[in-house]
Amino acid sequence: MPQTTPKGLHRLAFGGDYNPEQWPESVWQEDVRLMQEAGVTMVSVGIFSWALLEPEQGRYDFGWLDRLLDLLHEHGIRVDLGTPTVAPPAWFYRAHPEALPVTAEGVRFSYGSRGAICHSSAAYRAAAAGITTELARRYGSHPALALWHVHNEYGVPVSACYCDGCAAHFRRWLRNAHGSVEAVNEAWGTAFWGQRYSSYEEIDPPRITPTVGNPAQQLDYRRFADATIRENFRAERDILHELAPGVPVTTNFMTALSQCDSIDYWAWGREVDLVTNDHYLITDGRRTHVNLAMAADLTRSVAGGAPWLLLEHSTSGVNWQARNPAKRPGEMARNSLAHVARGSEGAMFFQWRQSRRGAEKFHSAMVPHGGTDTRIWREVVALGADLDTLDEVRGTTTLPDVAMLWDWHSWWAQNLEWRPNEAHEARERADSFYETLYDRHLTVDFAHPEADLSGYPLVVVPALYLTTEAAGQNLREYVENGGTLVVSYFSGIVDEHDAVHPGAYPGALRDVLGLTVEEWSPLLDDQRVTVSGPDGATLTGDVWTEFVRPRGAETVWTYADGPAAGGPAVTRHRLGRGTAWYVSTRLDAASLDAIVAAACADAGVAERPALPRDVEVVRRTGDDGRRYLFALNHSTEDAVVPLDGAGVELLAGTPVDGKLAVPAGAVGVVRLDG
Ligand code: GLA
Ligand code: ZN
């Protein structure tokens, strides 16, 4: 932050990962011709090319990459150039087998895939710096160069290494983080189960243990692993900044919570010049466009609200899930424009031409095995034209309505073992709260729990198990100053070291919620509770119940049955000029919506026009007063979206006034007048 844009790219980004080393150079000619036909503006190159660029240590072969970059430049295509440090060559591993990562079980991975890296390895660090330096020297001022793409998807496929080298590095990290062994003992609660350490040398990574390991140690190891990987990103970035000044540096994130869970993107967002993201639809029976919207909102938030860039998604099916459905006609464009609506400055794909060999030959691409006489190709060409038409939205930003708190550290802590109920997942609560807001057509900013929330009328807090003192204070001030808060059960329980806040639950949030929780009583798999409220209405919960004691809060909904029958289930606390709601059970979607509706009323969040829930409406605005409305119809019914005013629907180029027809599966983008 602040976010920048790819150098010399004066259009929305459209293109993909381009791995032409898989093909004879004669194919490259056809590639650039087709790229022009499709309106490709930028491609990502060289992400996995280390073994070709440096076939032996210190011997470089840049000839093919020279020719490729020149060819792309001649055709007006900008280049996002990879540092290939996610795929070290075999010669490197032969010389430095210790750079291969080790699992918590003590198994050392082999090479022959990608991403086999111990990020503490001095040999790896030196080799990565070496190839990065060579690339920066050779291409830093190449006219095609728009962006540096460092590494690939840090955090996967190996999120942490447990080797002896990492053990030594962890001890250094602990010294820095805690200052003394006594402080580590205190923070980790090693007085319990006889885990006390007398020196740093006695401390190991949380390798496999007979039963549950120390939770605070595991949490610190997560932080250490993330920080260590970030050190390596920074090292490459600093080389690139020094040798190629003026060229922005990125690395592709994967913010969709299910695809990478080991990276604290709040911290990473501050390190890159441009936030970029990869997103793939997950086939898990849920509405895929909701997870897409959530990932896009989270990415924008990590970018501080500024424009960001979707660097990878798929034209159709992927090949790494159990079931990989093809996208439906129109779905690729809808996915792409949904990202653009939520702040992406374009839409890029993995990959340009579908592979014939290797691990990803069944993953869709922009040029499929079937060539250009295919639905995919026709849709790719049409999308290129649409993005060209929508170029004027570049530089505008997405308008949020409300905020949701998200913290990777809390998520890591909450996913540790021996919790009150395994069926409770932080991720599930976040998904459900998000879905409720999505269905109300509200655009969500994500915020760190200690961030300034004063700009948001409503803040929802889905299971923020780890809540620091500072975050608790922040939420209290937010409410006192007029904000409205909705907090899920199992929030505010522990501090940054997974230690229970002193006193009754929820320690960090007792004041703001105006209550204590004496005990929780998780439910069994098939148990449900009924919650009754105003005017005889009822709601349904499962997984979790609690014995809540109001201490200032009013009881709005009461448990009608279950372990806490007769006790408060949902409460509201008026504090200062604001209101804090507390939901003590896992409400199903419709039930949660009833609470969110009431909180929206408290917060003065205007009701959106009644639209089907799968009709997505998002706004982008410019400092200069430009206003755009994106309407995406993910449903199978035609829809009409009300507009506050007149304007032009850009994709069809037709004037509109007061309303916009959006056929089933279609997208409309309106530039509103005035
Ligand atoms: C990731 C990687 C790509 C490719 C895609 C396939 O996002 O970055 O190299 O493997 O997945 O979906
Ligand atoms: Zn290691």
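The following exercises, with worked solutions, concern a predicted model.

**Exercise 1.** Identify the protein donors of the zinc ion (ligand 2) and determine the geometry of its site.

*Solution.* 
Step 1. The protein donors are the SG atoms of Cys118, Cys161, Cys163 and Cys166, which lie 2.2 to 2.4 Å from the zinc ion.
Step 2. The angles among the four donor atoms are 99 to 117°.
Step 3. Four donors count as tetrahedral if all angles lie between 85 and 135 degrees. The site of the zinc ion (ligand 2) is therefore tetrahedral.

**Exercise 2.** Describe how the donors of the zinc ion (ligand 2) are placed along the chain, and state whether Cys118 and Cys163 are buried or exposed.

*Solution.* 
Step 1. Along the chain, the donors show the spacing C-x42-C-x1-C-x2-C.
Step 2. Cys118 belongs to the loop between helix 4 (90-95) and helix 5 (122-139), whereas Cys163 belongs to the loop between strand 4 (145-150) and helix 6 (164-178). The two residues are 45 residues apart, and the pair links distant parts of the chain.
Step 3. Buried means under 20% relative accessible area. Cys118 and Cys163 are both buried.

**Exercise 3.** Characterise the largest pocket by its volume and its lining.

*Solution.* 
Step 1. The largest pocket holds about 1200 Å³ of space.
Step 2. Its lining consists of 38 residues; Phe48, Ser113, Arg114, Ala359 and Glu360 lie nearest the centre.
Step 3. Helix 2 (50-53) and helix 4 each contribute at least two lining residues. The largest share, three residues, is that of helix 2.

Technical notes. Residues numbered from 1 in each chain as written. Chains lettered and ligands numbered in written order. Predicted model: local features only at pLDDT ≥ 70, side-chain atom pairs only at ≥ 80, totals over all residues. Heavy atoms only, no water. Donors = N, O, S within 2.8 Å, 3.2 Å for Na, K, Ca; no water. Tetrahedral: all angles 85-135°; square planar, octahedral: opposite > 155°, others 65-115°. Helix = DSSP H or I, 4+ residues; strand = E, 2+ residues; numbered from the N terminus. Buried < 20%, exposed > 50% of the residue type's maximum accessible area, 1.4 Å probe, protein only. 1 Å grid on protein atoms, 1.4 Å probe; cavity = no way out; pocket = protein on both sides within 12 Å on 5 of 7 lines; lining within 4 Å. Points joined across faces, edges and corners; volume = space filled by probe spheres on them.
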